[in-house]
Amino acid sequence: MCVNFSGLLHNFGPDTLSGLQKGSIVALFALGYTLVYGVLRLINFAHSEVFMVGTFAAIGVWGVLGYDNNTKTPGFLLATGMILVGILAAMVASGATAMIVELVAYRPLRRRNAPPLAFLITAIGASLTLSEGFGVFTHHDQKGAPRLVAPTDLVVFGNTHIRILDLLLLGLALVMMFALDLFVNRTRMGRGIRAVAQSPDSAALMGVNKNRVIALVFLLGGLMAGVAAVMYLMKIGNTRYDAGFTLGIESFTAAVLGGIGNLRGALLGGLVLGLAEAYGGEVFGTPWQTVVSFVLLVAVLMFRPTGILGEALGRARA
Amino acid sequence: MRQGLARALGGASILGLLVAGAAACNSTNNNAGNNSANCGYKIAFFGALTGSAANLGVNIEQGAELAVDQFNDKNGANCVTLAKFDSQGSGDVAPGVARELVKDTKILGIIGPAFSGESESADPIFEEAGIPTISPSATRPSLASNGWKVFHRAVANDDFQGPAAASYMKDVLKATKIYVADDQSAYGAGLADVVKSKLGNLVVGTDKTEADGKQPNNDFSVLVNKIVASGADAFFYGGYYTNAGLIQNQLTAAGWKGIQVGGDGVNDPGYAEAAGKAAAEGDIVTCPCSAAKAATGTFVADYKTKWGVDAGVYSDVAFDAANIFMNGIAAGNTSTDKLLTYVSGVNYTGVANTYKFTATGELDPSLVKVWSFKFDADGVAQPDQNIPMSS
């Protein structure tokens with residue numbers, strides 16, 4: 001293992017850009033974990049498959065429209081249209097998957113007041129069922145996505161090429177985060193979510209429909225995962241039945257890093273994790289990427305156990 | 001009373017199962033009449049039938065199976081049986097599967113292991129059992145220096161393939177800045193190291209990735225950034241086609257215009273599938289083999305008729321390897337010792353090449369050849385040129 005600090009200095013710009021790309025995807029993905037944990041104190045392991053289903057849905061819809069991984073990159077307007085269609089398809093598929101998982105895997109347990117361990121096992125079971133199920137249907141093969149974004153440079157600083165994809169991914173993450181934040185803080189349903197997060201029984205006493213709020217929380221997480229799925233396809237270009245696995249672990253890590261249960265923490269944690277992996281991979285080599293993010297997590301938790309931004313969904317500012 | 005009945009029934013059914021099982025195991029081979037070719041024996045295929053590099057193993061298995069079918073057509077149905085063992089291309093899974101294989105004493109020869117990593121872990125088990133092996137594809141040079149008597153390689157190793165790839169990049173592509181990476185596998189790392197040593201200071205950077213299909217999130221952006229930043233006009237990847245294709249996909253998306261070069265592990269249409277045909281077009285792979293479609297005789301047509309697809313990399317070599325074993329069995333070498341002696345001393349001209357093995361099991365240096373292949377617009381690797389042996 002050789003350390004390459006000069007590489008980091010030389011490639012700082014490009015690495016920052018790809019770190020922000022990855023971070024944007026992770027941030028949206030992490031929202032699902034942080035929302036569900038904030039409200040239910042449950043780690044939704046099946047969220048990685050919610051993401052995976054979104055990737056296949058987008059590829060499926062693009063395929064129906066005649067776009068596969070060998071199609072030439074379309075022009076600006078057509079590309080924008082296709083991206084929007086893909087996002088819509090992925091959001092619908094991921095949102096639906098999340099709600100179905102909640103209905104089938106978690107609600108029965110909630111009704112029976114099952115112990116937390118049962119939820120954990122069920123979550124893992126749901127995750128495996130979905131990923132292995134897709135594995136069987138896809139023969140464990142890669143599935144390529146059409147390249148919708150051309151590598152056109154927008155601004156060039158030295159060896160740093162800021163391209164459309166960089167702005168698009170970061171922009172999508174910020175916009176969705178902003179929208180979600182607005183929803184949770186300014187709407188009636190959002191108030192319901194914060195109430196249930198703070199104290200489920202008091203909220204029920206105040207007339208909040210707990211089951212509906214929980215379904216909503218899963219839906220929101222699924223919608224965010226759907227957008228993350230299309231972003232992933234634009235960056236990586238391929239998906240597979242286990243595409244959600246490592247990304248899921250990294251995203252949960254990002255959620256904890258930023259402060260589990262904290263929406264803005266998920267964004268911060270995601271971006272920090274993405275950058276750490278990009279810089280770490282440059283300095284230590286590609287195989288050390290994932291190691292760097294987990295070392296970072298341990299380091300942060302040692303000094304700040306509640307994560308960088310700390311507070312949870314229901315409390316104070318949120 | 002109820003308990004007694006249950007016990008009686010249970011005991012009777014267990015006895016019944018045992019008797020049935022014994023009867024099934026005692027079925028003698030029902031081709032006792034076909035002993036002109038010494039029927040009733042098996043040869044085995046050992047390699048990846050599933051996993052991200054499965055195409056390479058399947059090509060070999062299908063080539064071998066074609067040979068077995070043609071032999072059985074001449075010598076009686078089921079004269080020789082091809083037993084298939086799926087190692088998933090993994091050095092971890094291979095030993096367990098190898099131990100399964102050696103339990104079957106009817107297996108006299110093994111076509112495989114297909115990959116170098118699994119060869120390292122499975123060949124000691126085959127050596128102990130004394131079963132001769134002919135690998136149509138494992139190219140790591142060190143495999144021949146372990147003193148294994150059962151080891152035979154039907155193609156040139158990476159000490160030939162590596163320098164050939166390097167000289168192609170230097171002399172044909174005329175690349176001046178070359179980035180080299182590998183997947184840390186026994187095959188990939190070995191090949192990349194040979195290429196690096198031959199390229200000397202044309203190498204502008206190196207990196208490693210995870211094993212084929214195991215890169216977290218299939219995200220190669222760090223590697224891609226490094227390649228683009230280094231200004232390399234060629235990129236050599238020691239590894240298999242799925243990773244190589246994904247890297248090419250992401251390199252092209254980042255605007256890189258150079259050429260990717262790979263070894264025989266990348267020589268598969270799966271590369272163009274993972275990269276996208278447009279991105280793969282023009283990329284080069286080497287192979288210590290000539291094109292399967294240049295095989296002599298009716299092999300090409302027969303393969304297409306049986307399998308419905310064109311022969312893949314090493315299908316023709318596997319076909320020859322299977323025939324070497326079956327000729328040996330038909331000539332009376334019906335034990336592993338005798339078949340091993342036969343194979344070690346064979347001089348056989350097949351559809352892909354002529355085969356003679358050195359004392360360490362390598363292919364005779366005078367029979368070695370390395371070809372380059374170029375991916376066309378349809379994602380198929382077409383033969384490009386026979387790279388002269390200079391080393």
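**A strand in chain B and its surroundings**

Guide: Strand β5 (residues 178–182) of chain B and β7(B) run parallel and are joined by five bridges; two strands are said to pair if DSSP finds at least two bridges between them. Helices (H or I, at least four residues) and strands (E, at least two) are DSSP runs, numbered from the N terminus. The model is a predicted one, in which local features need pLDDT of at least 70 and side-chain atom pairs count only at pLDDT 80 or more, while totals for chains, interfaces and linings use all residues. Residues are numbered from 1 along each chain as its sequence is written, and chains are lettered from A and ligands numbered from 1 in the order in which they are written.

Within this pairing, B:Val180 has B:Phe236 of β7(B) as its bridge partner. B:Phe236 also stands opposite B:Val261 in β8(B), for β7(B) is joined to strand β8 (residues 259–262) of chain B by four bridges, again in the parallel sense. Strand β7 (residues 234–238) of chain B is mostly covered, with five of its five residues buried. A residue counts as buried if 20 or more other C-beta atoms lie within 10 Å of its own, as exposed if 12 or fewer do, and as partly exposed in between, with C-beta atoms placed from the backbone. B:Ala234, B:Phe236 and B:Gly238 point one way from β7(B), B:Phe235 and B:Tyr237 point the other way, and all are buried.

B:Asp182 belongs to strand β5 of chain B. B:Asp182 has 24 other C-beta atoms within 10 Å and is therefore buried. Leaving aside residues up to four places away in sequence, B:Asp182 touches B:Gly188, B:Ala189, B:Ala192, B:Lys208, B:Tyr237, B:Gly238 and B:Gly239; contact requires C-beta atoms, placed from the backbone, to lie within 7 Å. By contrast of setting, the C-alpha atoms of B:Asp182 and B:Lys84 are separated by 29 Å, the two residues being 98 residues apart along the chain.

A further sheet of chain B may be described next. Four strands of chain B form an open sheet in the order β2-β1-β3-β4, with parallel pairing. At its edges stand β2 (80–86) and β4 (133–134) of chain B, each with a single partner strand, so one side of each is left without a neighbour in the sheet. Strand β1 (residues 41–47) of chain B and strand β3 (residues 107–111) of chain B run parallel and are joined by four bridges, with B:Phe45 opposite B:Ile111 in β3(B). Two helices accompany this sheet. α2(B) lies across β1, β2 and β3 of chain B and runs at about 170 degrees to β2(B). Helix α12 (residues 315–330) of chain B packs on the sheet, touching β1, β2, β3 and β4 of chain B, and its direction makes about 160 degrees with that of β3(B). For these angles, axes are lines fitted to C-alpha atoms, for helices over the stretch in contact, and the values run from 0 to 180 degrees between N-to-C directions.

At the level of domains, the assignment divides chain B into domain 1 (36–157 + 292–360) and domain 2 (158–287 + 371–387), the bounds coming from an automatic or database domain assignment. The centres of domain 1 of chain B and domain 2 of chain B, taken over C-alpha atoms, are 28 Å apart. Their contact takes 18 residues from domain 1 of chain B and 20 residues from domain 2 of chain B. On the side of domain 1 of chain B that touches domain 2 of chain B, the elements giving two or more residues are α2 (54–75) and α4 (116–129) of chain B. α4(B) gives the most to that side of domain 1 of chain B, with three residues.

Finally, chain B meets chain A: 26 residues of chain B are in contact with 28 residues of chain A. The elements that give two or more residues to the chain B side are β6 (203–208), α7 (221–230), α8 (241–253), α9 (269–275) and α10 (277–280) of chain B. Of these, α7(B) gives the most, with six residues. By class, the side of chain B that touches chain A holds nine nonpolar, 10 polar and seven charged residues; Ala, Val, Leu, Ile, Met, Phe, Trp, Tyr, Cys and Pro count as nonpolar, Asp, Glu, Lys and Arg as charged, and the others, Gly among them, as polar.
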